[in-house]
Amino acid sequence: MNNSAIRHRQRLEQVLADNTFEHQRQAARKVHEQFAKGSKAVIVAAEMQSGKSGIALALACMQRNTLTDNEICERGKLQDTLFLVTLADVALQEQAAEDLAPCPNVVVSNLVHFKTALTVHFKQQSPKLIIIDECHYGSASDAVRYAQLFDYLDSADSQTRIVLISATPFSAMFAAGGDSILRQGFHTSLVFHKTPADYHGVRQMHRKQQIVQLLEEQRDFTQESIPRRIFINHIKQHSGEGWALIRVASNAAKTAKNELLAQGFSDSQIFIVGNKLNDVEDNELVSLTEFKRQYQNAALFDEKVIAITVASFRAGINFGIEMKEQLIASWDSTISNIAAVVQANIGRASGYHHNTTAKHFSNLDAISAYTELLNYLEQEECTNNFVGIAKLFEQICEKYQIKGFDRGLKLGSTKPSLPTTPEKEEINIGIIQYLIADLSAPIKNDENIDPRVIRAIQLIQDYYQQKPGLAVRIQEEIANRPSWLEIVFADGENFGDSLTGLCHDLGGLLKNTNDYVTQTALKRFMPTVETVVAFALSASNISPNKNIYNRRIIQDDLNEFALKFGVDHHEFCIFLLMGNKETQGTGIDQGVEKSRIKSDSIFKSL
């Protein structure tokens, strides 16, 4: 290595040391590891206000450090990274340019001017790395620009790799489809940015019970409601300096201010932050910078102030650690989907602080769903199992009855799309056979057993061997799982007791008739006539929800459940073979056949 190359690399190390933290560098290393394994695209899931700019800076430094000694000393190859802000917001772009200034190889632009940036700044070489910040903002209006970007990456001579960073990357993962960031040739993978212990984000607020549920009929701050009374009282009872943040519809800011005035707050305490709002005169509006100044002035006298923002208030803002520490409460009228909730007030209150007393009035169901998703992603850290994550995502959204996102990257390519397959006609489904298998016993064929069940138990046993001990388990992680097999892993959250959950539903099913399926939650696991449904019961299965008391089934409860049906295994699986009830019969004596099991079989007779 020549002296000039050494100096360039030492400078990069100094930039990393001076401007990033270890958790940010670790996330960037994981991304480059995925590149080394063949990924052309990596999605980084980084929570709100957790340091995404630092991750981007680390990515750019590490990209430059991959150059050869000759390349790193050649000025014409200096600019090799393009950082794109999704929104055409000058302030955001200027902030990004300032954050990334220590790394001279980065060009900052936005998605709108993507092609212009390539033409102006990358005349001598194409960018080796493109980083897209807040990729969830690629809405339908940006679809064509994303299409151009993905098609550029997909071109035969393109060696460019891409990183998409977002706190809510669900649109990038799930709405994109095979013709977008999940194109087969990209070998897309996901990296989860693990925050240090001093981070206080949405999940931590959830765990500390700082979130107050807002039902849909309660979200309008201009209307009287019990949550609004609690919110206002919480502010009034707070002693000393502090501030509150209220987010309302674009045409409700003035009305919200009048409601606060009616509650006894003075005009000098209330500020509408934004520009060009309906029914609000320009002289009644303040900028974010001005509101921060007003907060600091009020703090000198131990007074409180309130900021009213609207749904269109720009993203990417950071109130700073001091203001986050002094936040009293936040109210968010946005409850339409997970991404919108997380990206709103509660996300802006996240960061590296210790405020555990602030109350955040929002959609608790959306927060719970987001928490479960992040818990799973955190455990995986690095993955390319997008089919599995998408399935889990849909299940969690269904569980909490919440929309996931506003399908941001739906149109990912300029290529013509294939016609969609018509939906199948609904069929009257029932159970034609059920069996119980030992998860730990060796597999033996049995002429009375459907060969699909033999195949299923092999797959499930192999999965437990590959992922032993206590673990979060989902069916999508099982390689080569056939389409006819549905697997549900019972854990401390979904198992329940004799009156609730799978314990109740499976117990009632095995005692009664197949009609019981249509009367319980089990019916959601029965999608087609040719389905085999497996319920894997084991005390080693852990719920991804870290906020529940028992994440795994208590062994005594599992033993009690097993003994009811003469099962003496510690880990076992209940199989349901589905069929057409119209042709198979309707009662347990006609349509549901108990398994006829030999004594040396892995299956236990009922």
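Let's start with a pair of charges: Arg203 and Glu47 join their side chains in a salt bridge, with N and O 3.0 Å apart. (A salt bridge here is a side-chain nitrogen of Lys or Arg within 4 Å of a carboxyl oxygen of Asp or Glu.) Arg203 sits in helix H9 (residues 202-207) and Glu47 in the loop between strand E1 (41-45) and helix H3 (52-65), so this pair ties together parts that are 156 residues apart in sequence. Keep in mind that this is a predicted model: local features need pLDDT of at least 70, side-chain atom pairs count only at pLDDT 80 or more, while totals for chains, interfaces and linings use all residues. Residues are numbered from 1 along each chain as its sequence is written, and side-chain values use heavy atoms, with hydrogens and water left out.

**The big picture**

- The protein has 21 helices and 20 strands; helices (H or I, at least four residues) and strands (E, at least two) are DSSP runs, numbered from the N terminus.
- Of its 606 residues, 54% count as buried. Buried means under 20% relative accessible area, exposed means over 50%, and partly exposed is in between (1.4 Å probe, protein chains only).
- Take the contacts between residues at least 6 apart in sequence: 79% of them join residues at least 24 apart. A contact means heavy atoms within 4.5 Å.

- The mean pLDDT is 80, and 76% of the residues reach 70 or more; pLDDT is the predictor's confidence in each residue, from 0 to 100.
- Over residues 513-523 the pLDDT is below 50, and this stretch has 27 contacts in the model beyond near neighbours in sequence.
- Residues 580-606 also have pLDDT below 50, with 74 contacts beyond near neighbours in sequence.
- Where pLDDT is low, the predicted coordinates should not be read in detail.

**Charged pairs**

- The salt bridge count comes to 18.
- Back to the opening pair: both Arg203 and Glu47 are buried. They also belong to a network of salt bridges that links Glu47, Lys194, Arg203 and Glu378.
- Lys467 has a salt bridge with Glu380 (3.7 Å, N to O). Lys467 lies in the loop between helix H18 (451-466) and E16, and Glu380 in helix H16 (residues 364-380), so the pair ties together parts 87 residues apart in sequence.
- Lys467 counts as buried, at 17% relative accessibility, whereas Glu380 is partly exposed at 22%.
- Lys467 also forms a salt bridge with Glu477, the closest N and O atoms being 2.8 Å apart. Glu477 and Lys467 both lie in the loop between H18 and E16, so this pair ties together parts 10 residues apart in sequence.

**A buried charge without a salt bridge**

- Asp491 is in the loop between strand E16 (485-490) and helix H19 (501-511).
- Asp491 is buried yet has no salt bridge; Lys399, the nearest side chain of opposite charge, is 7.3 Å away. Lys and Arg count as positive and Asp and Glu as negative, with His and the chain ends not counted.
- Leaving aside residues up to four places away in sequence, Asp491 touches Asn541, Ile542, Ser543, Pro544, Arg551, Arg552 and Ile553.

**The parallel sheet**

- Seven strands make an open sheet with parallel pairing, in the order E7-E13-E12-E8-E11-E9-E10. Two strands pair if DSSP finds at least two bridges between them.
- At the edges are E7 (211-213) and E10 (285-286), each pairing on one side only.
- Strand E9 (residues 270-273) is covered on both faces: Ile270 and Ile272 on one side, and Phe271 and Val273 on the other, are all buried.
- E9 runs parallel to E11 (residues 304-310), joined by three bridges, and Ile272 has Ile308 as its bridge partner there.
- E9 also pairs with E10 in the parallel sense over two bridges, with Val286 as the partner of Val273.

**The mixed sheet**

- Another open sheet of seven strands has the order E3-E2-E4-E5-E1-E6-E14, with mixed pairing.
- E3 (106-110) and E14 (382-383) stand at the edges with a single partner strand each, so one side of each is left without a neighbour in the sheet.
- Five bridges join E2 (residues 81-85) to E4 (residues 129-133), which run parallel; Phe83 stands opposite Ile131 in E4.
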